[in-house]
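Open your viewer and get your selection tool ready. We will walk through this model one selection at a time.

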Amino acid sequence: MDEITCKLLVIGAGPGGYTCAIRAGQFGIDTVIVEAGKPGGTCLNIGCIPSKALIHAADTYDTVARAAEGSHPLGISTAKPSLDFGKTIAWKDGIVRRLNGGVAGLLQRAGVRYLTGRAAFRDGKTMAVETTDGNRLIHAESIVIATGSEPIELPSIPFGGCVISSTEALALAEVPGKLVIVGGGYIGLELGTAFAKLGAAVTVVEAAPQILPQYDGDLSAPVARRLRARGVVVLTDAKALAANGGALTIETADGGQAATEADKILITVGRKPATSGFGLERLDLDINGPFIAIDDRCRTSMRGVFAIGDVTGEPMLAHRAMAQGEMVAEIVAGRRRAWDRVSIPAICFTDPEIVSVGLSPKEADRSSFAVKTELFPFRANGRALTLDREDGFIRTVVRADNHLLLGIQGVGAGIAELSAAFSLALEMGARLEDIALTIHAHPTQSEAFHEAALKSLGHAIHI
Ligand code: FAD
Ligand code: NAD
């Protein structure tokens, strides 16, 4: 077996792993990265990027389809559109391929050695990798576990046949006629909305009393309204019990049972950390529930072994993994770093989109000081009206005594990009007065942020 020695070994080339390896390469650290699949991990190959491509394709198709129905409020009409879904998927695959090449190129430019294969621990400093051109034994001073996560399977409804995970949903040959989605969280609603816009009859089965239970009801309500308006059936307080082919049995809110038929049953009930099948048990690491336990420097309980990204817990988001990866590379390079971020933004790319940064009103209410919450609705925002989308609002959560922003949330069409302004405000320790005294360009949806701050100060202009 060929042997390799390096300073840093990264397992998994998802957003956490590849960012860590690139940053380490920038410091001149001798780095090896091992990936069992393709560069970019879940996010690039079967997650963030392909799902957002599908959502964009669905939005485009839906706009034309609405015009064809003669119901377009802008007075636009056209013939009924047709969809070559194979071409849509090929377009999405093209974006993924281009970015696969991009990540590989960035790693190469940073001087990182890239191995394709599955790595398995021999001990805390050594891993074996089976590659297509032979086996390698890698000795490293430090190892970063960035193995990510996998879809959770329901024991009573295992994957296979017409029961699919998000991975298969993003690679279907055709739009299913009837799609039942079990789990009305991030993936279920992002993909459910996209397939509904592409023409599928969609039913969402959600166990909690509301869809997107990770957000408060004020944020999820506009999404629920829009789903209903589009004919998506949403069953809350409902659990999927069993499936027989495409026939799904559901326990309904009143404790009774209902049955529904589907061409595809998409299970999106969460993801679990990828911690098995690569000899992790040999290290005897501390765990935190199903996740690898880490401290504020992403150190595990074993010296020289770090863990980053989804394998370390919630929130399982690509930008958290990347920020952790960057930090770990800097620590390995000898810099003094610790996790000190004020917030990790969360965005749900539904229609309308939800953005949440920092504390929700409920979380802030647990503080020892008084909290003030105020919101500005998009129906009073000129730009929102010109986009024919007046649903939603932007909300600020502040300390009542000194007006320090603790949290900013919003729900509205296409507001994902506002997350940068929200995050920056929190990281810079902005107060309401800072937002109020910043000129926000007109006409933009960002003015709703400005107005929410003004409203909280008691002098909104446009409401
Ligand atoms: P991953 O991206 O999961 O990468 C881990 C890599 O490690 C994989 O490529 C795997 O093959 C490899 N690996 C595992 N074990 C081994 C081994 N033993 N040897 C070698 N390689 C190994 N997040 C967002 O922030 N925004 C979004 O819009 C978003 N959309 C999503 C949509 C979907 C459908 C899904 C499924 C997820 C989405 N996510 C989104 C979540 C995001 O994809 C993850 O948070 C992110 O990919 C985690 O990065 P990671 O580096 O921890 O792990
Ligand atoms: P999720 O946690 O967002 O949602 C799972 C949902 O399934 C929950 O609402 C839960 O109440 C419900 N549920 C659980 N068991 C059920 C059952 N038996 N029957 C009916 N409903 C049930 O999980 P997900 O949608 O699978 O996404 C996984 C993770 O991927 C997310 O937590 C997020 O971290 C990440 N992700 C992020 C984005 C984004 O940032 N835009 C997009 C997609 C995925």
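The tour goes through the nonpolar cores and then the salt bridges.

**Before you click.** This is a predicted model, in which local features need pLDDT of at least 70 and side-chain atom pairs count only at pLDDT 80 or more, while totals for chains, interfaces and linings use all residues. Residues are numbered from 1 along each chain as its sequence is written, chains are lettered from A and ligands numbered from 1 in the order in which they are written, and side-chain values use heavy atoms, with hydrogens and water left out.

**Stop 1: the largest core.** Select L54, F85, F195, L198, V202 and I354, the residues with the most contacts inside the largest nonpolar core, which has 38 residues. A nonpolar core here is a set of buried Ala, Val, Leu, Ile, Met, Phe, Trp, Tyr and Cys residues joined through side-chain atoms within 4.5 Å. Buried means under 20% relative accessible area, exposed over 50%, and partly exposed in between (1.4 Å probe, protein chains only).

Next, colour the elements that each supply at least two residues of this core, among them helix 3 (48-68), helix 4 (85-109), helix 6 (186-197) and strand 10 (201-205). Helices (H or I, at least four residues) and strands (E, at least two) are DSSP runs, numbered from the N terminus.

Where does this core lie relative to domain 2 (163-269) and domain 3 (346-457)? Both domains give residues to the core, so it lies between them; the domain bounds come from an automatic or database domain assignment.

**Stop 2: around L198.** Centre on L198 and show L54, A58, Y61, L83, F85 and V175: L198 is in contact with each of these (heavy atoms within 4.5 Å), leaving aside neighbours within four places in sequence.

**Stop 3: the second core.** Now pick I33, L44, F306 and I308, which are included in a second, separate core of 26 residues.

**Stop 4: salt bridges.** A salt bridge here is a side-chain nitrogen of Lys or Arg within 4 Å of a carboxyl oxygen of Asp or Glu. The count comes to 20.

- R337 and E330 pair at 2.6 Å, N to O; R337 is buried at 19%, and E330 is buried at 6%.
- R136 and D133 pair at 3.5 Å, N to O; R136 is buried at 13%, whereas D133 is exposed at 57%.
- R297 and D296 have their closest N and O atoms 3.0 Å apart; R297 is partly exposed at 29%, and D296 is partly exposed at 36%.

**Last stop: a network.** Finish by selecting D59, K197, R226, D351, R389 and D391, joined into one network by salt bridges that share partners.
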